[in-house]
Protein chains: 2
Amino acid sequence: LDKEEHLGIALSGGKDSLTVLNLLNNLSKQNPKIKISAIAIDEGIHDYRDKTLKTAKEFCDQISIKLNIYSYKKEFGLTLDEMLKILNVKPCTICGIFRRYLLNKKSRELKFTKIATGHNLDDECQSIMMNQMKNNIGASARLGPKVGIVKDEKFIQRIKPLYLCTEKEVTTYAFINGLLDNFTECPNVSRSYRAQIRDMLNQMENKFPGTKYSIVNSFLQTLPMLKEKFKHESIKACVKCKEPSSKDVCNACHYVEKLKIVCEK
Amino acid sequence: LDKEEHLGIALSGGKDSLTVLNLLNNLSKQNPKIKISAIAIDEGIHDYRDKTLKTAKEFCDQISIKLNIYSYKKEFGLTLDEMLKILNVKPCTICGIFRRYLLNKKSRELKFTKIATGHNLDDECQSIMMNQMKNNIGASARLGPKVGIVKDEKFIQRIKPLYLCTEKEVTTYAFINGLLDNFTECPNVSRSYRAQIRDMLNQMENKFPGTKYSIVNSFLQTLPMLKEKFKHESIKACVKCKEPSSKDVCNACHYVEKLKIVCEK
């Protein structure tokens, strides 16, 4: 963290993001130069996000933090549930693209200096392994406690304060501090590749405690080299929305276009 | 391979090493500047190595290749089975140290220019994952199709011609060419960490075909950076045996010493 920050906490209403908010809110009380706000994305996932957003709102009210909510419905015209009825894509792929897109764009408009997310050691470990098992090493270069390779004024730096905390540790903290939502899990997760990797890693960790720490620590040793290798990847501005993108048309605009085409048919 | 080679094929008598021998023997017939010999290490594993060495001898006789056999019993005074009754160590750890030690020393004495081993894609994938899950990234820098980081005149370069062949592919080749031994497996394997990693990888490959290829291909993209990072590790000569070592006393002499001390008690 720099001397003066306006941190945006990316809130889902789950235990991880509520823990980050609680920790950074306590920190900001000791340091008047750190200002905290919250941002949440309502993807429109029936019987899940509505519940976690209610938790998020209540907690933000309780600690007097402003919560900014943006929805897929309002920004893109459709909820995620509606999109998934139209497009034949994996839920987490399209959801991730739209969420990161809104998170970055709206955080910039809100003048956040950084975005803090609730990603923990388990999440990172899964991402490392997923990229490796899909031979997507370039994506791993963008992982780490400070996300990204190339600095771009249109990109708001994302940070992961819980990077070295296991999911168990975060859950314990959240439980003790009364932050724990009722163990909700996104209904799309079970269909994801990530869930299979998560189960495999949990099995290995049970048999060989320390496995997850080792994977992340091994990764942190190679990360500076990966960032160096991929630092020459250029960042363009999407020709449609002007948001930063590695391609001429960003992934979000690509899917918005696809949804329109399918809807018009 | 360079223009003139005296290749030593490290033979266990299993399908992988017999396949390498068969392939390189065929190659050498087309190229008179490539000479082939075989080397085998008899660790002294009852009811296993005696059988595979019989297969190895028969095959070498059949194709008129000289087979040089060195045993733990003769070189160190004890078989592996005897060592394991004395020392409380993992079988594969101590066995690997002594085998690599003899393989290098005897290959140098036999004036081999390179040692070819039967390691396949599955073996490499397991090693990559083991090092990662034990946070042993320096060991990964020594992996790859051409083993090692630092060149040393006392180290005989080890190469893995089957590096990109899966275990299934090698087994198929060995079966079709009549090289297949009766699926013997070292009795110590089931106790090893490697076996657990192997099972995990097989499960992932079954669910997501291509996983093993992706892991090795991802690894090959980072390997040059890892070699660069660890190239400054110095190679010493072991004060006891003068063989190359990263420590003052090499691992082989360390365990020989330990065995002596325990035996004397």
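Q: How many salt bridges does the rule find across the interface of chain B and chain A, and what makes a salt bridge?
A: The rule finds zero between chain B and chain A. To count, a side-chain nitrogen of Lys or Arg must lie within 4 Å of a carboxyl oxygen of Asp or Glu.

This is a predicted model, where local features need pLDDT of at least 70 and side-chain atom pairs pLDDT 80 or more, while totals for chains, interfaces and linings use all residues. Residues are numbered from 1 along each chain, chains are lettered from A and ligands numbered from 1 as written, and side-chain values use heavy atoms, without hydrogens and water.

Q: Which residues is Met200(B) in contact with, leaving aside neighbours within four places in sequence?
A: Met133(A), Met200(A), Met204(A), Met129(B) and Met133(B). They're called contacts because heavy atoms come within 4.5 Å.

Q: How many residues of chain B are in contact with chain A?
A: 28 residues of chain B touch 28 of chain A.

Q: What is the area buried between chain B and chain A?
A: It's about 2,400 Å², with 65% from carbon and sulfur atoms. That's accessible area (1.4 Å probe) lost when the two parts are put together, summed over both. In chain B, Gln132(B), Met133(B) and Met225(B) lose the most to chain A, together 24% of what that side buries.

Q: How do the residues of the side of chain B that touches chain A divide?
A: There are 13 nonpolar, twelve polar and three charged. Asp, Glu, Lys and Arg count as charged; Ala, Val, Leu, Ile, Met, Phe, Trp, Tyr, Cys and Pro as nonpolar; the others, Gly among them, as polar.
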